[in-house]
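Me: I have a model open and want to go through it piece by piece. Can you take my questions as they come?

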Amino acid sequence: MPEEQSQTIMAVDELQAIVQRCQILEEADFKGEDFNLFQVAGQKCLEDGYAAQLLEVIQNEKNKVIIKNMGWNLISPLVRCIFMYKQEDDKREHCLKILDQLAELCNPKELFLSLLEQIEQTSGEQVCQTVMLLLQPLQTVLLKLQNKKAYSVGLSLAMIMNQLTPLPVPYTKQQIEEDKLGLCQCCNAVVDFAKPFVNELVKNMEKSSEYNDVELKEELLKFCMKSLKYPLLTAQLEQLEGIEEHPFRHFATEIVDILWDIKELIPLVFLRHRDRSPHWENQEFAEMEQKNSADSLACLSYLIFVQHLGIACFPVVFSPSYLLQCNMTHIEVLLKRTEESMLSKGLDLFESCLLRMEDDSLLHQYLEFRTFINVPQDLVKVMTLCPIEHLRKKSLNILQLFIDKFDAEGKYTLFRCLLKTSNHAGVEGYIIKNIKDQIHSSLTKACDNVWFTGHHLISLLDLVLMLPEGAETDLLQHSDRIMASLNLLRYLVIKDCESDNQTGVWTTLAKIERNFLKPLHVGLNMSKAHYEAEIKNKKENRKEAHSSNTVCSVTVGGEKMPAMTTEMQLQVLHSALFTFDLIESVLARVEELIEVKIKAVMDEHS
Amino acid sequence: MRKRCRPHRRDGQAEPPMEREHRGGARRPGRLGWRGRAGALGARRRRQLFVWNPGRVAGGDLPGHSSLLRRSRGGKVRGLCKETMTTDEAAKGEGEVQAVALAERGEDITPARDRGVLKIIKRPGSEDESPMIGDKVYVHYKGKLANGKKFDSSRDRNEPFVFSLGKGQVIKAWDIGVATMKKGEICYLLCKPEYAYGSAGSAPKIPSNATLFFEVELLDFKGEDLFEDGGIIRRIKRKGEGYSNPNEGATVEIHLEGFCGGTRFDCKDVKFVVGEGEDHDIPIGIDKALEKMQRGEHCVLYLGPRYGFGETGKAKYGIQANAELVYEVTLKSFEKAKESWEMDTKEKLEQAAIVKQKGTMYFKEGKYLQAVIQYGKIVSWLEMEYGLSEKESKASDSFLLAAFLNLAMCYLKLREYAKAVECCDKALGLDQDNEKGLYRRGEARLLMNEFELAKCDFQRVLEVNPQNKAAKSQISVCQKKTKEHNERDRRIYANMFAKFAERDAKEAASKTRVKTAAEKPACEKGPETPGAKDEEAEGHV
């Protein structure tokens, strides 16, 4: 199409024309229309593939002043063009050269704004590409800026991080290797971008302790905090086999290093209890800030104590209990989340803190801190409600670890608390088993333990050896708890002779019979009768059952389970009966033991 | 990546000669990063040590020192450093020597006398005072494992290490050891694993069952600043039990002695409710400090005037205005007040009536801080209470409204205007036409120099009650102040107008693009009226 061609040639000519006209003008005499004409002509050149010609114009020494003033206008069309061309295209190369030239030649302030605008306007899949493309010129320009440098660096970093934040963080090894959107690469590029400014700050700090570039420090600190929250809190940070340089680990290391360099690492980890931002007058802002930083700080602690980043320079005189206490807040923040990445970080952090401690060394007074009571309850929630199996298992292990670390009184208090709050028969059964273990070690070890013998134990047993709703308790639902309780009672009557009565169980036997054994008998009889009747019913109505409408449906993991057939229903009912039988047999055994022992004593006396 | 360590690691793994570091410290005393007399003093002293006392230079004047070191001791100081100390070998040697000396001659400082922590003083302190429990202590230290490997040093970080003594923040050996030190003292500590990291160790640096060797220098210490404002300094004489503290409203039994200017003005055993100490002539600072004390604790409290008897003083005790007070307090026992979640609605409403009365009583006596506590209780109980019956809800709202209005008044008196505005906002949230709420917010805003907003509030007052004369006169005050303010601004901005006008013209012609945030602050300072600007700023508060 000759017409079009002539038009494009016109574009280059136009550019030449405007440039020639401006060459003779003084800087101050550039008019608004010159800016417009230059931009339009430049843009056309780019769009029509005359990047090489444009580059020539820009490189021409004569045009220096023009480019300095007007060059920033070309950034937007330039970026568009760069993304249009393929990697190996010469024209792309030309465009990249133009970008470099503009960074060198343009008025820094104007160019800075143009570049930021480009980053602000990009979205979706192009974010990382755009950011990575513009980081280098942005850095060049920022280093040239004279005024408001700290502010501008902060603004750039904040803008970049804000643009990255909506992107999904690669989690699996495959996703990380693929790095579809380029996030991994981009994050590390951003850190490299920030480095010269960190170095500058460090240099200034070394020069004198009085002259502190507070503003730049604040901006860099904000960047680090932001990075800790995203992407690091969501990222997988374990070493991965086969990936030599794990991009997020690398990024995390760099962030921790920056915090160390600007001397904020240790204050962040240990002095955060203090109001770090008293300059917030508005309460809401302060709270928001605090909430935001809670996530970041939790992630930082994870990096230090679990991944051991930056630990080389960390003080090694803190007591393990204090480290646990400091980290409890972070653990609580993480365990309240539902995402796998955060839950597993919370569990890892908890575990690593506990592994630093000796068994039985954590003083019960720590339970006076609210977090020490809250966290085990959160742990129980993960244990019972989390859909991810390995996290459920791990949280159970950690609960055991936590119990093990406390002194006897601490264990005792913790058991009481968990029995009252867990609302889960399985967990209660587990705690009761733990109580049994504690009684066992008190009875077998030489050391006297007042908390798991005598009157303290009796008051704990009151919580254990009972049915929550008397004879009406749903025995099936509570079967774990009931079995554990019966086992404990059996253990007590076998191990502790009535003559010794170390545990005090014999004194309180009447109460146990009244609150536990009797209602259990009644409950068993009622339940068995009920389920037997139900089975009979089902069998009789088998024919009609096929057409019967289901009363309710069950969904598991979001999927609707198929309605139960009568056969399946019968199976369930039978297994319930089996459970009752089991309970009954243990109950019978316990009662038999009690009877034998009492009789033996009576015989002795007579 | 490891660049950061370089400045401090010129010596690498090799144990640096003590004096080199000291010299470093002496040359740049300002670098310690904390302010305090002892820092500068300590630095000067270290220089003296270096110049005058060559015998001590290698830290090697300990008995049982290796013959190698002893032989070279006659040489020049610098030579000695170089000769004996710059290699790993020497460092290890020194560490071992110190460890051996400690094991042989160290003083057992454990309460249990089990030789778990052994101490040798390398350099005695300058003053006879030792830190007390809870004190913030500043130390420099380095730690080594039995094999001589250095695992930690505050000097590598170029920053003194700070912690609270006797609170279990650090390993047991340190809580015991540092408590025995005097200001300026340098000592060696040898710590058995039971007093350090035990069988668990501390990943990744401390292996299981490690005996640790420390050199510690006590630079300075000071009492605990309870509210980080210097208003209450606590020094604990006897530690309390556990970690729980009385809360606001808890009933406490204490013994106290009050001193002012060295004379005792008060001494009594008293039982009272935290927040109501004033009823027993006890200043608010004691109430505040009690919330940070534990059962059985015995401490000395240094109260600034704000936490003492303030501007009014206390005639009863002959205490002048703005006097600093010292109290010695023992918390004998306490019973916590119920937390908000432990109370049911009925109880909260009953209590609200009582505390409201108490608050008003304090207010009338001009005891605004105490009044704030009482009114604050109503807010904490009722503000987030849900599921009330209609009747309860009405009662609750009326208590809350009164509480917010009275709190606003208290804050006005206490000159905390932002808080006053906040309370008025909440009061107006319950009753948007509340005359008092509007009037008080106007007052607070006027005092914050937000004239336009203040004027709006007073105008609203007149809408609600046209008879309110005070509001009328306040409006004219606002107008006068606005005018004055505008005049001043006009003068300030006068010079800028020309520049901005010029620039705007140029920009308008050349740029069609949206201005980014970076530019906005500069542009907004154009010739708009300052009043309009103020309003905008206030809009999002």
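Me: Start with Lys356(B). Leaving aside neighbours within four places in sequence, what is Lys356(B) in contact with?
Reply: Tyr375(B), Ile378(B), Phe399(B) and Ala402(B). Contact means heavy atoms within 4.5 Å.

Me: Which helix is Lys356(B) in?
Reply: Helix 8 of chain B, residues 345-364. Helices (H or I, at least four residues) and strands (E, at least two) are DSSP runs, numbered from the N terminus.

Me: Where does Leu400(B) sit relative to Lys356(B)?
Reply: The two are 44 residues apart in sequence, and their C-alpha atoms are 9.9 Å apart in space.

Me: Why is Lys356(B) classed as partly exposed?
Reply: Because its relative accessible area is 31%. Buried is under 20%, exposed is over 50%, and partly exposed is in between, with a 1.4 Å probe and protein chains only.

Me: What kind of model is this, and how are things numbered?
Reply: It is a predicted model, where local features need pLDDT of at least 70 and side-chain atom pairs count only at pLDDT 80 or more, while totals for chains, interfaces and linings use all residues. Residues are numbered from 1 along each chain as its sequence is written, chains are lettered from A and ligands numbered from 1 in the order in which they are written, and side-chain values use heavy atoms, with hydrogens and water left out.

Me: Switching to cores. How many residues are in the largest nonpolar core?
Reply: 234, and Trp174(B) and Phe214(B) have the most contacts inside it. Helix 11 of chain A (residues 183-207) gives the most to this core, 13 residues. A nonpolar core is a set of buried Ala, Val, Leu, Ile, Met, Phe, Trp, Tyr and Cys residues joined through side-chain atoms within 4.5 Å.

Me: And what is Trp174(B) in contact with, beyond four places in sequence?
Reply: Val317(A) is one of its contacts, and those in chain B include Phe161(B), Phe163(B), Phe214(B) and Val216(B).

Me: Now the chains. What is the secondary structure of chain A?
Reply: Chain A has 26 helices and 2 strands, whereas chain B has 16 helices and 13 strands.

Me: How much of each chain is buried?
Reply: In chain A, 51% of the 606 residues; in chain B, 49% of the 541 residues.

Me: What are the spans of chain A along its principal axes?
Reply: About 130 × 75 × 45 Å for the C-alpha trace.
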